[in-house]
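Biologist: Please take a close look at one part of this chain for me. I would like the surface first, then the setting around it.

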Amino acid sequence: MIEDDNLNFILIRYADVLLMKAEALNAIKDASSAKYDALNEVRRRANINEITAADNLTEAQFAEVVLQERLHELCFEHLRRFDLIRFGKLKSYLKDRMDIEIQDYHVLYPIPQAAMDANEAIKDNNPGY
């Protein structure tokens, strides 16, 4: 066996898929128990108490639970910044926890020039970048 063959690397984790599913179902206001099922499959594996519809979480509260679950489950996988941007919390997170002030444009990424060249509908880069 070759020890450093670089053939085994993680593309995406099943727990990440389940948490994305829970987040998406919450965002579309799905009334079924599917978002709880997806979240709880991750929580059960980690031996954490389940969250159910009986807990009466609002959409915002459920989103916060998913964000916290992503923090714990996907720690050290370099996804936290993306999560905080997606949830609109990067600026306040950095200010509250590290006393770092960032500008609004710090949450943006440029559109690659190759993508702009390939698509004439893209006239300008991300506004504010």
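This is a predicted model: local features need pLDDT of at least 70, side-chain atom pairs count only at pLDDT 80 or more; totals for chains, interfaces and linings use all residues.

**A nonpolar surface patch**

Modeller: Leu11, Ile12, Tyr14, Val17 and Met20 make up a nonpolar patch on the surface.

Start with Leu11. This residue sits in the segment before α1, the helix that covers 14–27. Leu11 counts as exposed because its relative accessibility is 76%, and the cut-off for exposed is over 50%.

Now set the patch against the chain. The protein chain has six helices and zero strands. From the N terminus on, the order is α-α-α-α-α-α. Of its 129 residues, 26% count as buried. The accessible surface comes to about 9500 Å². Carbon and sulfur atoms account for 56% of that surface.

The C-alpha trace spans about 50 × 50 × 35 Å along its principal axes. Among contacts between residues at least 6 apart in sequence, 37% join residues at least 24 apart.

For another residue, take Ile111. Ile111 lies in the loop between α5 (90–98) and α6 (113–118). Ile111 counts as partly exposed because its relative accessibility is 22%. Leaving out residues up to four places away in sequence, Ile111 touches Met116, Ile122, Asp124, Asn125 and Asn126. Ile111 and Leu7 are 104 residues apart in sequence, and their C-alpha atoms are 30 Å apart in space.

Definitions and conventions:
Residues are numbered from 1 along each chain as its sequence is written. Side-chain values use heavy atoms; hydrogens and water are left out. Helices (H or I, at least four residues) and strands (E, at least two) are DSSP runs, numbered from the N terminus. Buried means under 20% relative accessible area, exposed over 50%, partly exposed in between (1.4 Å probe, protein chains only). Contact means heavy atoms within 4.5 Å. Patches are made of residues with over 30% relative accessible area and no salt bridge: like charges are joined within 9 Å, nonpolar side chains (Val, Leu, Ile, Met, Phe, Trp, Tyr) within 5 Å. Accessible areas come from the Shrake-Rupley method with a 1.4 Å probe; for residues, only the protein chains shown count as cover. A salt bridge is a side-chain nitrogen of Lys or Arg within 4 Å of a carboxyl oxygen of Asp or Glu.
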